[in-house]
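User: Please take a close look at one part of this model, the place where the two chains meet. I would like one connected account.

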Amino acid sequence: MHKIGVFVCWCGSNIAATVDIDRVVAEAKVQPGVVFAKDYQYMCSEAGQNIIKDAIKEYGLTGIVVCSCSPRMHEATFRKAASQAGLNPFMVEIANIREHCSWIHKDKEEGTEKACVLMRAAVAKVTLNTPLKAGESKVVKRALVIGGGIAGIQTALDIADAGFPVDIVEKNATIGGRMAQLDKTFPTLDCSSCILTPKMVEAKSNENIRLITYAEVEEVSGFVGSFKAKIRKKARYVKEDVCTGCGVCMSKCPSKKGLNEFNMGLNNRPAIYIPFAQAIPNVAVIDSTQCIKLNTGKCGLCEKVCTAKAIDYTQQDEFIEEEYGAIVMATGFRPIDASKFDEYSYSTCKDVVTSLELERIMNAAGPTGGVLLRPSDGKHPHSIVFIQCVGSRDVSGRGKPYCSKICCMYTAKHAMLIRDKYPDVEVHVFYIDVRTPGKNFDEFYRRAAEQYDVDYIKGQVGKVWEEDGHLVVRGVDLIANEQIILNTDMVVLATAIEPDPTARKVANMLTASIDTNDFITEAHPKLRPVESPTAGIFLSGVCQGPKDIPETVSQAGAAASKVIGLLCKDKLTTNPCVAHSDELLCNGCSCCEKVCPYGAISYDTHLINDHGVKETRRVALVNEALCQGCGACTVVCPSGAMDLKGFSNKQIMAEVEAICL
Amino acid sequence: MSVNDTVDTAVNAAAKEWKPKIVAFCCNWCSYAGADLAGSSRLSYPADVKIIRVPCSCRVNPMFILKAFERGADGVILCGCHPGDCHYSTGNYYTRRRMTLLFSMLDYIGVERERTRVEWVSAAEGARFSKVMNDFVAKIHELGENVKVGDLRCKQ
Ligand code: FES
């Protein structure tokens with residue numbers, strides 16, 4: 001027997017001005033199941049809530065309907081009041097007669113009629129509500145950070161500082177990421193490795209952090225609070241705990257043809273190598289495609305010279321399996337392939353380089369020892385042309401439609417550094433717009449243009465070609481409105497950045513959504529910028545969108561604090577409005593499993609008692625902790641076994657009927 | 001003559017009297033919030049539209065829509081997040097495909113195409129919500145009462 005109470009709120013005059021409250025109350029009283037109806041000026045106030053609580057106790061109400069503002073506003077308030085009075089909070093329904101009624105209708109007659117219909121629908125629904133109980137799930141107190149660049153390192157350090165163990169999984173042989181490749185950082189021009197390497201060392205020595213380098217996450221299952229990950233640790237052919245990083249093997253290795261990835265392929269490295277001097281871990285790795293011993297069985301020189309006996313040609317990939325409460329994506333970026341932009345002759349002229357390549361050329365540890373030299377002939381250049389927005393803000397489909405955000409600043413930095421060190425070098429910069437919206441950024445750019453006499457030309461470049469040992473750049477000067485042709489020695493392309501190609505794979509594994517450019521989508525672009533819509537997955541750094549180092553670091557800290565907030569909890573309460581399957585009806589067809597975006601549905605064989613007939617059947621099982629309650633499965637279920645608690649087929653049908661009465 | 005007159009006025013009166021019944025399913029995350037925003041911005045649309053909240057547009061079973069028509073609804077509109085923005089990432093893609101199929105089937109059995117609609121309305125698009133609803137109701141007025149699918153048992 002239902003005993004429903006209906007409570008109609010005036011919301012001052014917000015509702016009462018366009019809805020005849022008395023009529024709604026009178027109408028409510030005659031609805032089937034309703035035993036009590038009352039109005040009040042402000043139902044959400046303390047006094048209003050007391051009316052509800054008292055009525056629940058006095059009349060032993062089994063369900064209540066509050067006709068008031070949007071449930072997005074006060075559903076939680078009324079649910080709490082109900083549970084304080086001993087009624088299951090999910091026996092509360094809200095009829096939205098403010099936003100959906102009184103505020104949009106002027107005619108009182110019309111408004112009142114509609115309010116009555118909305119009330120009727122809510123009553124029809126609440127009579128079919130069932131008490132629900134929020135479940136609980138455990139929280140594994142360990143975090144996984146995917147990516148060991150500055151974003152990943154900072155996130156891990158912050159989590160570790162709060163006392164939780166963290167694993168960093170890095171696909172390369174060392175942590176450090178892109179920031180390790182940079183020479184100086186804008187707008188302060190401090191040296192990148194001077195600020196990064198201490199952090200790398202800290203990550204290595206922090207007892208709460210475990211570095212898993214040269215490794216990739218292969219599989220992730222589970223859900224917020226208890227993910228399970230399988231990590232492949234690729235064979236390095238060097239025992240990590242034995243190698244001392246002395247580097248003797250590198251000097252003796254006869255195979256020296258491998259492209260030095262750290263220097264953007266500007267020079268070569270041996271088959272056994274340590275990526276760079278400050279690498280963490282400072283352990284050699286063998287490039288299996290270049291190693292003579294691994295490919296032909298001959299050589300073995302490194303094994304002979306290694307006094308620590310760290311070389312092991314028989315090493316195999318290892319697998320690590322671990323449970324995590326939260327996962328942070330910090331997969332970072334790479335510059336796009338400049339050879340797609342043929343007009344700049346990147347693939348044919350050695351002296352056309354990308355900005356990251358220039359970064360290595362300028363770096364004291366780079367291929368030229370920090371001396372600015374033309375890659376083609378090793379001569380000192382007398383003029384350099386920078387081209388901005390190569391592949392950024394490009395809607396033609398060749399490049400990226402977005403602004404890569406950092407290029408204006410690093411180009412200004414390069415221009416300034418070159419002018420500072422080599423005042424004889426002329427520097428021209430072609431730009432579409434100069435975008436410098438950061439702290440001290442515009443001052444920095446102006447310094448480059450004004451103090452260092454960098455020639456900024458508003459306009460784009462149409463073509464770059466080689467002629468008699470130098471480069472010719474043809475572009476337009478939009479302000480002078482004329483075509484210009486410049487003879488120059490080097491061209492630097494400020495290439496767009498794109499998410500690291502592994503991001504897509506990782507995102508799929510984690511069921512984190514990605515946008516059309518493969519950046520990971522945040523749960524809310526403004527209010528939840530470091531969380532993925534998938535619970536328990538957090539975002540740090542450029543994987544979410546282009547950003548510079550300070551922004552990356554602050555986002556990393558934000559992601560860490562979200563992770564800490566999660567790991568601090570002992571239990572998570574789960575949303576009880578989840579799908580569930582009726583064993584008797586389920587035919588085990590797997591349709592629901594295929595549409596579930598969360599992998600929440602699995603199958604099991606159960607012994608079923610179907611009206612006295614006992615048989616084992618394959619039936620669907622919903623993992624309530626994983627299910628987010630979208631209801632996709634309920635519609636595809638051909639036998640009607642799947643239903644959604646709180647929004648069941650019957651409930652929605654009842655609403656439809658009440659509205660169409 | 002006079003008889004005709006009375007019939008005419010009766011018909012006119014009936015036409016004026018007639019209020020379409022319109023069911024709008026709105027997903028909780030975008031469209032329902034969009035409707036709330038339309039409300040708080042006081043952007044009016046006809047009172048004939050009654051909203052049912054569902055977690056996601058993909059929760060709407062074609063049965064609900066058939067039920068609405070069976071019970072005499074004159075139009076059914078389904079609103080969800082814009083493609084790509086579904087709170088559950090992929091829900092509205094299912095909705096889009098499913099409803100294309102359903103609507104063409106409804107069309108086939110005589111429920112005009114214009115009586116059913118899928119619209120994407122984000123939480124920020126209060127103005128769009130009200131415009132969509134005004135539009136839809138105007139269309140239903142043009143089409144008049146839906147007589148094609150009705151549960152005859154209910155009419156008696
Ligand atoms: S949540 Fe809005 S359409 Fe899925």
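User: Which residue of chain A forms a salt bridge with Arg59(B), and how far apart are the closest N and O atoms?

Analyst: The model is predicted, and the distance is computed from it. In this model the partner of Arg59(B) is Asp643(A), with 3.2 Å between the closest N and O atoms. That separation falls inside the 4 Å cut-off for a salt bridge. Across the interface of chain A and chain B there are 6 salt bridges by this rule. Polar contacts join 15 residue pairs across the interface, counting pairs with both residues at pLDDT 80 or more.

On the side of chain A that touches chain B, several elements each supply at least two residues: helices H3 (71–84), H4 (98–102), H5 (108–126), H16 (591–595), H17 (632–636) and H18 (649–659), together with strand S34 (642–644). H18(A) gives the largest share of that side, 7 residues. Sorted by class, the side of chain A that touches chain B holds 20 nonpolar, 12 polar and 9 charged residues.

Counted from both chains, the contact draws 41 residues from chain A and 43 residues from chain B. The size of an interface is often expressed as the accessible area that is lost when the parts come together. For chain A and chain B the buried area is about 3700 Å², and carbon and sulfur atoms contribute 63% of it.

Definitions and conventions: Residues numbered from 1 in each chain as written. Chains lettered and ligands numbered in written order. Predicted model: local features only at pLDDT ≥ 70, side-chain atom pairs only at ≥ 80, totals over all residues. Heavy atoms only, no water. Contact = heavy atoms within 4.5 Å. Buried area = accessible area lost by both parts, 1.4 Å probe. Salt bridge = Lys/Arg side-chain N within 4 Å of Asp/Glu carboxyl O. Polar contact = N/O pair within 3.5 Å; in protein donor to acceptor, adjacent residues only side chain to side chain. Helix = DSSP H or I, 4+ residues; strand = E, 2+ residues; numbered from the N terminus. Nonpolar A, V, L, I, M, F, W, Y, C, P; charged D, E, K, R; others polar.
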